[in-house]
Amino acid sequence: MKARAKCILLIEVFWAIGTVFEVILAVFVMPSLGWRWLLILSAVPLLLFAVLCFWLPESARYDVLSGNQEKAIATLKRIATENGAPMPLGKLIISRQEDRGRMRDLFTPHFRWTTLLLWFIWFSNAFSYYGLVLLTTELFQAGDVCSISSQKKAVEAKCSLACEYLSEEDYMDLLWTTLSEFPGVLVTLWIIDRLGRKKTMALCFIIFSLCSLLLFICVGRNMLTLLLFIARAFISGGFQAAYVYTPEVYPTATRALGLGTCSGMARVGALITPFIAQVMLESSVYLTLAVYSGCCLLAALASCFLPIETKGRGLQESSHREWGQEMVGRGTHGAGVTRSNSGSQE
């Protein structure tokens, strides 16, 4: 329970490593080989991951729910061996096999409001994160917001399919803003167990919104880079806090489904954001920034309105029990048997 947030956030460090790797790869590949080779080389890690997936251990809880108790026990024994800990006494049991994740479970009275708020939070996270990535290249090429606003009027006669390559200076500034994801992880790691998950997400959204509004001012390139650095650090931090909160708030049977649907809403945000960060930008850079800032302010409110704070609480195993009370009152009328709706030890 104490290390859960830290472990998830430390895994997220590798997202930051991947983003930095991509910029460095583009620096060497784009000037000589072009975008097609960049795309091919970027896909190589995905191919390696697809092969390595066969060595990933399956979740013991999933195996129990699937009726594969032997495999679940083997996984638990492996975990115990690797941690130098003894296996708990008793045997693995299944109380209710039918408690598999269903879409309607996300909209029970207890979770309906949480699900809708989380969908909007994840949508806003991806919408703003990838929007900022697209805006960064546009702003660096123009110099600042005022320059890009005036340039759009001057290039109307230019072919709309023309592509302007980034300069070496653009790539270096892009690398600086990408490196912001590392302090974003560290800040989130430091505050998430102090402020809680909800306040951490809200804080990240608010700071991103403030940085977006400050871009309205005609700032120099150095200040532009600093504002983009801070904005990206905190929007990535909000993303990481959402990755911690979402699996914690749903019970075992619907945890993967809840996280999956939230991730799906994030992809919707990522699909829509190019129409704002590039198409709307052609009409008004200020309206574009206002859309991202307003969206994140609403996401900050949504974070505050989440009905459950998961900091310091155990993972819920069943939606049929009170949240966070899984380790209390499992015995049934003095029977002395400890049971779980998704699989536990007797």
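Predicted model: local features only at pLDDT ≥ 70, side-chain atom pairs only at ≥ 80, totals over all residues.
I take buried to be under 20% relative accessible area, exposed over 50%, and partly exposed in between, with a 1.4 Å probe and protein chains only. By that rule, 41% of the 346 residues of the chain count as buried.

Notes on the source. I number residues from 1 along each chain as its sequence is written, and side-chain values use heavy atoms, with hydrogens and water left out.

Entry 1, overall layout. I took helices (H or I, at least four residues) and strands (E, at least two) as DSSP runs, numbered from the N terminus. The chain has twelve helices and two strands, in the order α-α-α-α-β-α-α-α-α-α-α-α-α-β. With contact meaning heavy atoms within 4.5 Å, I looked at pairs at least 6 apart in sequence: 77% of these contacts join residues at least 24 apart.

A nonpolar core here is a set of buried Ala, Val, Leu, Ile, Met, Phe, Trp, Tyr and Cys residues joined through side-chain atoms within 4.5 Å. The largest has 51 residues, and L118, M201 and F205 touch the most other members. Helices that each supply at least two residues include α1 (4–29), α5 (112–142) and α9 (197–214). The most comes from α5, with 13 residues. I then listed the partners of L118 beyond four places in sequence: Y245, T246, V249, Y250, C262 and L306. A second, separate core has six residues, among them A26, V29, M30 and Y171.

Is S209 buried or exposed? S209 counts as buried because its relative accessibility is 1%. This serine sits in helix α9. Its side chain reaches the backbone oxygen of S293 at 3.0 Å. Apart from neighbours within four places in sequence, S209 is in contact with S293, C296 and L297.

I computed accessible areas by the Shrake-Rupley method with a 1.4 Å probe; for residues, only the protein chains shown count as cover. The chain exposes about 18500 Å², of which carbon and sulfur atoms supply 68%. W55 lies in the loop between α2 (35–52) and α3 (60–65), and counts as exposed because its relative accessibility is 64%.

Definitions and conventions:
Polar contact = N/O pair within 3.5 Å; in protein donor to acceptor, adjacent residues only side chain to side chain.
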